[in-house]
Amino acid sequence: PTTPRKTLNIVLGGFLGLLGGVGLVLLLNNVDSKIYSITQVKSLLSLPILAELGKFTKAQMKFAEMAPSEKEGYRRLRASVFTLQRDNHLKTLMITSPDNDEGKSTIVSNLATSIAQLGRSVLVIDCDMRQPSQHILLDLPNEVGLSTVLEKKVSLSEAIQPTTIPGLSVLTSGPVPDDPPKLLASPFMMDLLRELAPKFDVILLDTPAAMPVVDTTVLAPLADGVLLVVRFGRSQRD
């Protein structure tokens, strides 16, 4: 028979199927700009990966309630922080993320808990005056905090609160001020960090996400290092 020309049809069908598959992959890659792997993070940022944290449920957000396997990620992160301290004299570490809802505040409180369990003195400062969360995560009042200290309404000793975790103290955000960047950019903020540095082994700054507001840009020069939190399936490549 002259038709159908089965061999030619099979070759053409295979070629078109391959071409369509490649085209679909390229289309999905352009449409979905989320990050899904450490390889992507490395290629985009060319920065060292300090740790990879596993997934955890809402009930397991707190370090003490996590399974042993889930705590290992925080222990690796803790070890990386200690290495940075030794090699770079890092005392004040700022933790941020590209956008909101990527888990940075939860990571700050869990990392602080992990460090405190080794007998180190840790201070968490909630610098996110727009969407503060450390007082919620650590079950603390927030009537006074960083904003009231920077406004010189209360002293540092009045604002810093101990927690139920030995060695861990918190300076909550305090009431939401009218102009957070102005307060954070004041010379008093730098003086505050200098005053606190000798009193603690590690100071963790929980800051707003980097993209939506300018607060993080203001705070970055005041910290010894910046830890960027990237959440797989959430953070965008751009």
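Gln161 is buried, at a relative accessible area of 13% (buried means under 20%, with a 1.4 Å probe and protein chains only). The residue belongs to strand β3, residues 161–162 (strands are DSSP runs of E of at least two residues, and helices runs of H or I of at least four, numbered from the N terminus).

A polar atom of the Gln161 side chain lies 3.0 Å from the backbone oxygen of Pro141. Beyond its neighbours within four places in sequence, Gln161 is in contact with Leu140, Pro141, Val144, Ser169, Val170 and Thr172 (contact means heavy atoms within 4.5 Å).

## Basis of the model

The model is predicted: local features need pLDDT of at least 70 and side-chain atom pairs pLDDT 80 or more, whereas totals for chains, interfaces and linings use all residues. Residues are numbered from 1 along each chain as its sequence is written, and side-chain values use heavy atoms, with hydrogens and water left out.

## Helix α3

The 21 residues of α3 should span 30 Å at 1.5 Å a residue, and the end C-alpha atoms are 30 Å apart, which agrees (the expected span is 1.5 Å times one less than the number of residues).

The buried residues of α3 include Glu70, Lys71, Tyr74, Arg78 and Phe82. Among the elements that cover the buried residues of α3 are β1, α4, β5 (202–206) and β6. Just after α3, His89 takes a positive phi of about 55°.

Methods. Buried < 20%, exposed > 50% of the residue type's maximum accessible area, 1.4 Å probe, protein only. Polar contact = N/O pair within 3.5 Å; in protein donor to acceptor, adjacent residues only side chain to side chain.
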